[in-house]
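Please look over the sequence and the model before reading on. The briefing below starts with a pocket and then widens to the chain.

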Amino acid sequence: MKPPVRIVDIMGDLVAKTSAKLLTYLQTIDPLIKGVHYQYGHYNDIKERLLAKGKIDPTARYPLVVLFEDFRVQNRTPGIFGIADIKIMVLCLTKKEYTRQQREEKSFKPVLVPIYDELFRQMKLSGKFMQYGPFRHNRIDRPHWGDPAIYGPNGYLFDEVLDGIEISDLQLQTYLNNCVTA
């Protein structure tokens, strides 16, 4: 029996390919970047894993693509895994004192947008989805994501000052490989 198709695994593969494609470029921006990292789960779970990683190697966390759970998967057609309705964040470290214009020049243009674009390119090339793009979704640029002024006293959801691109209402339809091969 073949293992089931899992969106969290597919996204991990896509992020790994995105990282491989962009690593040399990203290291020209910041030589400490080791790749585009990937996490999935609930906010608090991801936060704890990032804190643990930060104690071992502070450079092994960002830039980061996060697939937030729980997400709905509609199962309607036999032979299809379903339609997953997911939310993703593409995040990078920033500085609290940066202005919006500085964030555009230091985070969005050189780091976040290239990762966003390459991730969608990898989705299109993967053959894992029944659509080949464009992938309909909502995009929100989130400068200073987790700001206490916006998110209340708990602000800074990951205990760091981050800029990000939120991708929501992304519906991905995947095949379920139910063919038996000898």
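Strand S3 (80-93) and helix H3 (100-126) each supply at least two residues of the lining of the largest pocket. H3 gives the most, with three residues. Keep in mind that this is a predicted model.

**The largest pocket**
- The volume of the largest pocket is about 370 Å³.
- Its lining is made up of 16 residues. The closest to the pocket centre are Asp 30, Ile 33, Tyr 62, Cys 92 and Leu 93.
- Sorted by class, the lining has 10 nonpolar residues, three polar ones and three charged ones.
- Empty space of this kind is found by rolling a probe the size of a water molecule over the atoms.

**Helix H3 and its end**
- Where does H3 bend? The bend is at Phe 108, and its angle is about 55 degrees.
- A general point about helices: an α-helix has 3.6 residues a turn, so residues three or four places apart point the same way.

**A cis peptide bond**
- Which two residues are joined by a cis peptide bond? They are Tyr 62 and Pro 63, with omega at about 0 degrees.
- Pro 63 sits in the loop between helix H2 (43-56) and strand S2 (64-74).
- Tyr 62 also belongs to the pocket story, as one of the lining residues closest to the centre of the largest pocket.

**Asp 169**
- Asp 169 is not a glycine, yet its phi is positive, at about 55 degrees.
- Look for Asp 169 in strand S5 (residues 162-175).
- Is Asp 169 buried, exposed or partly exposed? Its relative accessible area is 44%. Buried means under 20% and exposed means over 50%, so Asp 169 counts as partly exposed.

**The whole chain**
- The chain holds four helices and five strands.
- Along the sequence, they follow the pattern α-β-α-β-β-α-β-α-β.
- The chain has 182 residues, and 45% of them count as buried.
- Take the contacts in the chain with a separation of 6 or more: 70% of them are between residues 24 or more positions apart.
- The accessible surface of the chain is about 10,100 Å². Carbon and sulfur atoms account for 54% of that surface.

Key. Residues are numbered from 1 along each chain as its sequence is written. This is a predicted model: local features need pLDDT of at least 70, side-chain atom pairs count only at pLDDT 80 or more; totals for chains, interfaces and linings use all residues. Side-chain values use heavy atoms; hydrogens and water are left out. On a 1 Å grid over the protein atoms alone, a cavity is a set of points where a 1.4 Å probe fits but cannot get out, and a pocket is an open set with protein on both sides within 12 Å along at least five of seven lines; lining residues have an atom within 4 Å of a point. Grid points are joined across faces, edges and corners, and a volume is the space filled by probe spheres set on the points. Ala, Val, Leu, Ile, Met, Phe, Trp, Tyr, Cys and Pro count as nonpolar, Asp, Glu, Lys and Arg as charged, and the others, Gly among them, as polar. The bend at a residue is the angle between axes fitted to the seven residues ending there and the seven starting there. Buried means under 20% relative accessible area, exposed over 50%, partly exposed in between (1.4 Å probe, protein chains only). Contact means heavy atoms within 4.5 Å. Accessible areas come from the Shrake-Rupley method with a 1.4 Å probe; for residues, only the protein chains shown count as cover.
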